[in-house]
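Please look through the sequence and the model shown here, and keep both at hand while reading.

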Amino acid sequence: MGATQQHKTSVMSSRLFCPPNQDVETFCLPRFKTIDHHFGYNDSSQGSHFSVQNSRELFCTLESSSANGSYTVYNSPSTVSFSPNGSPMSQQESQSYPPELHHSPDAYGSPFSGSCVTDDVNDLKHKLRELESVMLGPDSDFIDGIDSTFHDETNTTSPEMDSWRLVMEAISKGDLKQGLIDCAKAISENDLLMAQCLMDKLRQMVSVSGEPIQRLGAYMLEGLVARWASSGSSIYKSLTCKEPASADLLSYMHILYEVCPYFKFGYMSANGAIAEAMKDESRVHIIDFQIAQGSQWLTFIQAFAARPGGPPHIRITGIDDSTSAYARGGGLNIVGKRLSKLAEQFKVPFEFHAAAMSGCEVQLEHLGVRAGEALAVNFAFMLHHMPDESVSTMNHRDRLLRLVKSLSPKVVTLVEQESNTNTAPFFPRFVETLNYYTAMFESIDMTLPRDHKERINVEQHCLARDLVNIIACEGPERVERHELLGKWRSRFTMAGFTPCPLSSLVNATIKRLLDNYCDRYRLEERDGALYLGWMDRDLVASCAWK
């Protein structure tokens, strides 16, 4: 690199990572897919409430309701909610149980007076026989088959009973993570009795204000209950609780962005790659898929304002659908006005073009490409929302990549969560999600106190909805479909792209900034990409293509 180019890069990089003097409060806002106004939580002095009514389910208690040992079978609307202590519960727990069941010495205030999981084998056999009588009739010999295993002279047990014992051991030890995994496995194997028993116990172990695994467990359990009740899509789309005001939601997103540096630095690496590619261009066109609040471009404009020889003409095409409008408090014109005002202040020639639509709807004519402009395309936390070949024959994920390649861009940036939830079957997808978000919740725990009201709101309003979608929904209704960078590489390569190295100067700057955070965060350059994560878990990957 020549001396002049080094000087340009140094001056622009020093500006690229410093917020402008104005609009500081909007500088570091994330661009996640925001929650639509039909979904939300009720926050009150009694706690958080999270509910939906939809399908009808058969709900059986394993607690005896009378002296004769009969069991009550409830056939009532399925309702999933967060109780005042922050634990998921069903409507039946608060309305359908006999009065004697509404007391418990358990720490989390469970409405259950006892456990459907017992260490006493004979008691378990007795409960199973009574449940069988209700569900299958008095003439079934199912329990007799189990009974024979208890009295076998060799004291051997069936695989099923071994599984029950292992699960009971995990629960008795308070192993919430293993309990969640066992519950997901039971649901995947259609073992409804095991799943119900585990959900009853797990409700007593989770809390939205507890340790990271307890908080995450509350939302993971919500997804399991929704899937078990076949109500995942209804919960995802039609939660009836009050959505926070748009200003509050924007504030929660801002907090998430600040306390999770892997998101912030992912955006920084993409902006740095674009700035590096455009440092000598006189006319620059940036197409930003899912532009959200547009705050990521404030420092970009300011950096180019300080470029030796003067700034280029910058035109930004912002693509975003209506789901971001609620958090913004209006349409994309708000983004255009904010950026135009900043560009005018710093004397940067600027245009903004709004394309209010989903990525699935984008066609060539919506992009406004002009001859004589150097083109950059930014895919930051967006492509995983596009359905691929496993969901639709349209395969918008690969279609968009081919469309962009046909425009001959100078650089294309990709920033995505490093997780494999796209085509994975339910059970491995659940385990992957649990491991990924465990790292995220642990990292949040290092920054915000557990009883911090804003932390609870951030996790509920910015993360819980994605978790429910990943766990409870399938087909086109499951829109959170992450892929590992290796898979993204394959897609970009098939579309005709070649890798473009990230700026070493930008990467070094990000590493210095990361020193201001907990030392458990890590940043690693590997195979031409930048990986940002927590301890031994990669959470976000960033790379560039041309």
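Arg-491 is buried, with a relative accessible area of 2%, where buried means under 20% relative accessible area, exposed means over 50%, and partly exposed covers what lies in between, as found with a 1.4 Å probe on protein chains only. This is a predicted model, in which local features need pLDDT of at least 70 and side-chain atom pairs count only at pLDDT 80 or more, while totals for chains, interfaces and linings use all residues. Residues are numbered from 1 along each chain as its sequence is written, and side-chain values use heavy atoms, with hydrogens and water left out.

Arg-491 forms a salt bridge with Asp-388, and the closest N and O atoms of the two are 2.9 Å apart; a salt bridge here is a side-chain nitrogen of Lys or Arg within 4 Å of a carboxyl oxygen of Asp or Glu. Because Arg-491 lies in helix α19 (residues 485-494) and Asp-388 in the loop between β9 and α15, the pair ties together parts that are 103 residues apart in sequence. The helices (H or I, at least four residues) and strands (E, at least two) named in this text are DSSP runs, numbered from the N terminus. Asp-388 is also buried, with a relative accessible area of 0%.

Side chains of opposite charge can pair when their charged atoms come close. Glu-432 forms a salt bridge with Arg-537, the closest N and O atoms being 2.9 Å apart. This pair links distant parts of the chain, with Glu-432 in helix α16 (residues 426-445) and Arg-537 in strand β14, 105 residues apart. Glu-432 is buried at a relative accessible area of 17%, and Arg-537 counts as buried at 18% relative accessibility.

Arg-522 and Asp-538 meet through their side chains in a salt bridge of 2.6 Å, N to O. This pair, too, links distant parts of the chain, since Arg-522 is in strand β12 (residues 521-526) and Asp-538 in strand β14, 16 residues apart. Arg-522 counts as partly exposed, at 22% relative accessibility, whereas Asp-538 is buried, with a relative accessible area of 15%. Salt bridges that share partners also join Asp-388, Glu-389, Arg-397, Asp-398, Glu-483 and Arg-491 into one network.

The strands come next. Strand β9 (residues 374-380) and strand β10 pair in the parallel sense over five bridges, two strands being paired if DSSP finds at least two bridges between them. One of the contacts joins Ala-380 to its bridge partner in β10, Val-415. Strand β10 is also joined by six bridges to strand β14 (residues 537-545), and these two run antiparallel; in β14, the bridge partner of Val-415 is Ser-542. Why is strand β10 (residues 411-417) described as largely enclosed by the rest of the structure? Seven of its seven residues are buried, so the strand is largely enclosed. Both faces are covered, with Val-411, Thr-413, Val-415 and Gln-417 buried on one side and Val-412, Leu-414 and Glu-416 buried on the other. Strand β9, helix α15 (residues 396-405) and strand β10 make a right-handed β-α-β unit, right-handed meaning that, with the strands pointing away from the viewer, the path from the first strand over the helix to the second runs clockwise.

The loop between β9 and α15 also holds Asn-395, which has a positive phi of about 45° although it is not a glycine. Most residues other than glycine have a negative phi. Asn-395 is buried, with a relative accessible area of 11%. Asn-190, in the loop between α6 (176-188) and α7 (192-202), likewise has a positive phi, about 60°, without being a glycine, but Asn-190 counts as exposed at 57% relative accessibility.
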